[in-house]
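Subject: Structure handover

Hello,

Here is the structure to look through, with the sequence alongside. My notes on what was found in it follow below.

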Amino acid sequence: MSFSNWILFFFILQIIHFLGTWKLYIKANKPAWASIIPIYNAFVLMKIINRPKWWVILLFLPIINLILLPIIWVETLRSFGFNSRKDTLLVIFSLGLYIYWINYSSDNISYIEKRSLKPLNPVEDWISSILFAVIAATTVHNYFIQPYIIPTGSLEKTLLVGDFLFVSKFHYGARNPMTAVSFPMVHDTIPLLKKRSYLKNPQAPYFRLPGFQKVKRNEIVVFNWPADTVRQFFVREKRVEKPIDKKSNYVKRCVGIPGDTLAIIDGFVHINGKQTILPNRARPQYTYSLYNAKGISSKKLLSVGVTGFNRKFIISNITQNSYKALLPYIIGVTNNEPNNFVVLTRSSGIPIKVIRKHRIKIKESLETQKRVTLTLEQEKKLTSNKILDSLIRKIDTLKRYNTSFFPNRITYNWNEDNFGPIYIPKKGSTVALNLENLPLYKKIILDYEKNTLEIQNNTIYINGKATDSYTFKQDYYWMMGDNRHQSEDSRYWGYVPENHIVGKPVFIWFSVDNFNAGIKNWKVRWDRVFTTVQGKGERVSYFPYFIVLFVLWQAYSFYRKRKKAKKSNS
């Protein structure tokens, strides 16, 4: 729905409200005209039902208003003596229209000015508590802080798989929910039921509250994946059209901001002609080919912090029981002969306690070649330690025309290591438009900014008018993962519009290793618990300080209770 359609819908609601309540306003000693004045009528109604005026604000918040409206309907009935369970059910299931019957058919009703606001029974008390808890939690979730879990390794070494984050909505300004009808506090799918959590229509216009800052270059940002056309990841299904705020949440580093010209040269990002300098907490990674004629030692790789590679072990006395014990740790079997049983594991290998408990005769087969992911610091350590014969960083210098990388047109020969240069659009800026560069901006013109686009006789027509330029209506960003060769990011699907920005990750409140291996195999990373995401210097955990403050608070509370008890007994 367009903004004008929403205004029309708003005024229709005022008329519906007036026709269904004007007599009740009179009964409550309020003028009938007060029921038709937009917004003012809501404040008057709050006074009639003896509820706080700030509820009016909640009526303008999508999703929250859908929870609050039935509460207001019930409260309106009870302000005029209709307290039965039948009345409550009728007004809810009639979507408030039962109030019309009360308004026109009951001349003998009277307004109860000082009615009791306490729930009529324990069940109502329980339901009321849950509803207002949901309203409070949804408000926090939509406008202040949203929890988020890192599911993939695209920012590995900087943010790890299994990091539990708090994402600030207010730093960049909270985005008002665009999907007006949705299940509260869930994203695009209802847990357990695995059903869509929202209605595609109506859609509210994009609106963002004022924030404390703009998105800065090289900040980590959570955003809605612009290319999202799937309902569930890793499930084959037809293309799904999603509302913007129901597209999958991604977290990447914003390497390019509006107005930048970006290029990737041999794997390194360049902004406006200069190689970008990342924050010292950033740990960009690249794929390397390792070689050692005597075999590559897994222990030596682990000693410099290298993970994410596979290991091969040979077992000479495999049994059914020992095989079951090994299952949580192996990712494949390459030879199943009992006396030469060969398994593949992750870099963590097989715990020594498992080997000893089941008396497994095992040795690691050292490979002469490996492909691993390293940071530049790890590359330097491996080179200085001289534990390898060669170490070569993967750089794709072969430029071949393809459709894999943005703008996904066969006329472009960019790849993940050598890309661009490309201009990142800024709101209000104008670019020259021709048939050669049109693929770079086509999705912006058509999908993100909702224009029509045609090409006739080599002439570009936007909204039916011939043009050789285009002025952008909003800002755009360029997002990339720090794990450069294992990240699906803007190199594949292009720009991220400003209206897709969700928030800024600010805090890691919990972190576990082996996140995808099941909760039984989780290992808490205590050094990451209660740490900040952004910032300078090494990451510091504030968890010990939290524990100290918590203990002190509990001791203080206990002291106060004892003091109060002594005072009451004396």
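**A three-stranded sheet**

An open sheet is built from three strands in the order β19-β20-β21, with antiparallel pairing. Strands (E, at least two residues) and helices (H or I, at least four) are DSSP runs numbered from the N terminus, and two strands pair if DSSP finds at least two bridges between them. At the edges are β19 (453-456) and β21 (465-467), each of which pairs on one side only. From one strand to the next the twist averages 40°.

This is a predicted model, so local features need pLDDT of at least 70 and side-chain atom pairs count only at pLDDT 80 or more, while totals for chains, interfaces and linings use all residues. Residues are numbered from 1 along each chain as its sequence is written, and side-chain values use heavy atoms, with hydrogens and water left out.

Strand β20 (residues 459-462) runs antiparallel to β19 and is joined to it by four bridges. Tyrosine 461 in β20 stands opposite glutamate 454. Lying across β19 and β20 is helix α12 (residues 438-448), which runs at about 140° to β19. Axes here are lines fitted to C-alpha atoms, for helices over the stretch in contact (heavy atoms within 4.5 Å), and angles run from 0 to 180 degrees between N-to-C directions.

**Aromatic rings**

There are 43 aromatic pairs in the structure. Rings of Phe, Tyr and Trp (its six-membered ring) pair if their centres lie within 6.5 Å; planes under 30 degrees apart count as stacked, over 60 as edge-to-face and the rest as tilted. Phenylalanine 472 and tyrosine 476 are edge-to-face, because their ring centres are 6.4 Å apart and their planes are at 70°. Both phenylalanine 472 and tyrosine 476 are buried (buried means under 20% relative accessible area, exposed over 50%, partly exposed in between, with a 1.4 Å probe and protein chains only).

Tryptophan 526 and phenylalanine 543 make a tilted pair, at 5.6 Å centre to centre and 35° between the planes. Tryptophan 526 is in the loop between β26 (523-524) and β27 (531-532) and phenylalanine 543 is in helix α14 (residues 543-569), so this pair ties together parts that are 17 residues apart in sequence. Tryptophan 526 is exposed, at 52% relative accessibility, whereas phenylalanine 543 is partly exposed, at 22%.

**Glutamate 219**

Glutamate 219 sits in the loop between β4 (195-196) and β5 (220-224). Its relative accessible area is 8%, so glutamate 219 is buried. Glutamine 534 is 315 residues from glutamate 219 in sequence, yet their C-alpha atoms are 7.5 Å apart. Apart from neighbours within four places in sequence, the residues in contact with glutamate 219 include Tyr172, Lys252, Arg253 and Gln534.

**Serine 511**

Which strand holds serine 511? Serine 511 is in β25 (residues 501-513), and it counts as buried because its relative accessibility is 0%. The side chain of serine 511 makes a polar contact of 2.5 Å with that of aspartate 163 and another of 2.7 Å with that of arginine 525. A polar contact is a pair of N or O atoms within 3.5 Å; within protein, one must be able to donate a hydrogen and the other to accept it, and residues adjacent in sequence count only if both atoms are side-chain atoms.

Regards
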